[in-house]
Structure formats: structure tokens, C-alpha cells
Amino acid sequence: MGEGYKNFETSVIHEGYDSKDHLGSLSTPIFQTSTFTFDSAEQGERRFAGNEDGYIYSRLGNPTVKALEERIAALEKGEAGLAFGSGMAAVSAVLIALTKANDHIVCSQGLYGCTFGLLKLMKEKYNIHHDFCAMDDEQVLRKTIQPNTTCIYVETPINPTMKVIDLRMVAKVAKEYGIPVVVDNTFSTPYLQRPLELGCDIIIHSATKYICGHGDVVAGLVVGKKDFIQGVSLTTQKDIGGIISPFDAWLLLRGLKTLPVRMDRHTFNAEKLFEKLKQHPEISNVYYPGDRTHPDYGIVESQMKQGGGLISFEINGTKEDAQKFLNSLKLIKIAVSLGDAETLIQHPATMTHSVIPEETRLKMGISNQLIRLSVGLESWEDLWDDIEQGLATLGNRFEIQI
Ligand code: LCS
């Protein structure tokens, strides 16, 4: 469980590492090694048998990676953590660990496109079915759970629709059936939301996003009970092999140190832009968890510290209008990914969620006019100037009808 520092802002900097253990090095050393030497053949035997602590080979564990794993576990208030080479390596390791052929998964009504792709693959290859559920009604959730359901898989806020799910309610229902709740906490980070404290069981992150914060690493993290994490570490991670490199683990440890400061600024900027976007005539709908007028704001208030840095909105027009708006931006970059210092914008229907068949995608609330904005750390005024000039290029479209 780590040192147990009282405050998050201290844990992000100190958990999982003590300079006294490393010749006083303030920064965590990068153990850039594939393997570890044994003092004797017998020691090698003891390590492989699990009778002696110590490192063997970097796919099975590495000190730099371990510091990251201990830090994320402490931040999520979990027993243990595990780092992966991508968010999808983390998602697939967890889902494969929790299922066998012919099982069933209940999912939130909306998932990142590649998670959707993985579920499709699991269905086609192993007959592991899934059902989507809005999870806004306890009874409907109970009805969606089957005798062979082995987990509930939730994103909240959901990428990219920003819908939120009441995690306490989902955890309560799951307990009745004795099945674990997996939460993809990528959008919130443990600074804004800690699902384990709300009764959920397993956390997944695409650490590529806010945890890294600088757009230079692809990585994933999982947090959960010690036994579960050890099981994943010795099976779906060890034998499938989606591990993180020591250098990338080091970059994540560095990024984490500023997570609270960055999240406060992302949220500050997003709140400013949300207010502006809401009032603009070229925009029909704006979706932001920090929207105090939204009927689900009560859920947000009860489980999130702030609304975060992501906003989605619908252009009052067509897919082509949405693309024209993106093309007109000068400061904001057209790119998938999120959580970076740079503000990024993308069109989910043709980019991150394009693998989802149109009918299912529309049911999830991902229209052809929907745009996702990952609000960065720049001056919000400069960002708004850019958005405003971009929206102005769409002007006068309705004049013909007057
Ligand atoms: N979970 C969520 C909620 C995500 O948004 C992503 C990636 C993943 C898992 C997978 O993580 P990765 O393997 O990329 O580290 N989301 C992306 C997005 O919205 N734009 O680009 C990638």
C-alpha cells in the first residue's frame, strides 16, 4: 500500500521511491537492463521458484517499473499496481484474466474504439459475449447481468460522450452477484476520481494520457488487489508480454509529479471554454462533466473532484462542417490522444471511434457532428480566440434559408 502520505500532492512525488536506497539519487534511476545476474545457479533456482525476492528478467519485473507500479497503486488507494506498454495491453491483460471461453461481460454504453474492437475479437474468437448497458438504472443493470457474466467494465466519463456513471451504484449491484467492476479511469486520473474507494475492484489507465501528460509515451497501468495483480503479472502479462520499458516508466514517474497542478489547470481552462462554447450559435450541444446544470451533476459531485479537461460538442451542421472547423484551427492541433500540454481536437466518428458500426456508434451518442476537445495548458483566451475564428468560418450557412 506504500508509505501512505496524507495528501495526494505529496504521494505523486514521493511514493514508491526513497533516494536513500539509490546512492542519494533524487531522480529514480533508470534500470535500462533486460536481465539481472544471479550470484549462483542455486540463487537463480530460488528466484524462479519464488523462494527468494529479487529480479530475474525485465519482462518479469524491473526496479524503475516497480517504483511506478507502487506509486500508481498508492494514488488509486489500491494494494498493487502493474505497468504495461500501452493502455490496450492493460485492457486486454485484465479482460483476458477475468474471462474464459463462453463468458459474458457487461459494458458501459460507450467505450474507447479499440476496447470495442477487443470485445468484438473476444466474441468472434472465444464466444465471450458482451452487452452494453447505460447503467443509469439499477434494475436494468441487474437484468443485463447473466449467469455467465464475469465482470462489469465501465468508462466514466465515457470517451468521447462524457456521460458519467454512478460507480457506487454499479459496485453495489456487482457485489450482489459477486462479480468485479473494472473501471477505465483514464479521463479522470486518481486526482479527480478514485473508484476503488467507491467499491469498485480494478482500475485501468491509458497512462499515455494525463498520467504522462507530455505526449511522449504510450503506456498502460492496472491497479487492484494483490492476488489479482500477481495473477495478471504471472499470466497475461508474463506470457503475452505487453510490458513497459524502464525509460517510459521513468517518464511516467516524472509526469506524475505534476499531475495535480496540471489537472487543476486543465479543468480551469476547460471550465472557461465550456462557458464560451455553450453560448455559441454554431454549436448545438456541449458535453462536460463540470456542467452544473446537467441532470447527472449530482453523480459528478459525489465521485469526482472536478470536471477535468475534456469537452465534447456538436457543431450545428454536418460531418463536413465539423471537418471544416477542424481544418480552420491554427493553434489547436488535430490529433487523437488527450491529456497533453497541447490542446488537441479530433472527430470521433471518423477517428477514435471509427471502428464502431454506425448504428452502434449513434446509439452510444457519437454523432457525425461530434467533436472532442482535449483542453491543454495554454492560455484559455488564446484557445478561445482560435476556436472563435474557426467557428466564424462556418458562418452564413443558414442565410440561404432566410
Ligand atoms: N482507454 C481509454 C479510455 C482510452 O481513451 C484509450 C486510448 C485507451 C484505453 C487505450 O490506451 P492506449 O493503448 O492508446 O494507451 N484513447 C485514445 C483516444 O481517445 N485517442 O487516441 C487514443
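1. Start with Asp-184: an N or O atom in its side chain sits 2.5 Å from a nitrogen atom of the ligand. Keep in mind that this is a predicted model. On its own the ligand exposes 480 Å², and 92% of that is buried by the protein.

2. Now the shell. The ligand is surrounded by 17 residues, with Asp-184, Ser-206, Thr-208, Lys-209 and Arg-372 the closest. By class, that shell has 5 nonpolar, 8 polar and 4 charged residues. Why does the ligand lie between domain 1 and domain 2? Because domain 1 (8-30 + 61-256) and domain 2 (261-392) both contribute residues to the shell.

3. The largest pocket has a volume of about 1,200 Å³. Its lining has 38 residues, and Leu-60, Gly-61, Lys-66, Gln-230 and Ser-233 lie nearest the centre. Elements giving two or more residues to this lining are α2 (41-49), α3 (63-76), β1 (80-84) and α9 (226-237).

4. Of its 24 lining residues, His-14, Gly-16, Tyr-17, Asp-18 and Ser-19 are the closest to the centre. Both α1 (8-14) and α3 supply at least two lining residues, with α3 giving the most, 6 residues. By class, this lining has 9 nonpolar, 7 polar and 8 charged residues.

Methods: Residues numbered from 1 in each chain as written. Predicted model: local features only at pLDDT ≥ 70, side-chain atom pairs only at ≥ 80, totals over all residues. Heavy atoms only, no water. 1 Å grid on protein atoms, 1.4 Å probe; cavity = no way out; pocket = protein on both sides within 12 Å on 5 of 7 lines; lining within 4 Å. Points joined across faces, edges and corners; volume = space filled by probe spheres on them. Helix = DSSP H or I, 4+ residues; strand = E, 2+ residues; numbered from the N terminus. Nonpolar A, V, L, I, M, F, W, Y, C, P; charged D, E, K, R; others polar. Near = heavy atom within 4 Å. Polar contact = N/O pair within 3.5 Å; in protein donor to acceptor, adjacent residues only side chain to side chain. Areas by Shrake-Rupley, 256 points an atom, 1.4 Å probe, with all protein chains shown as cover. Domains from an automatic or database assignment.
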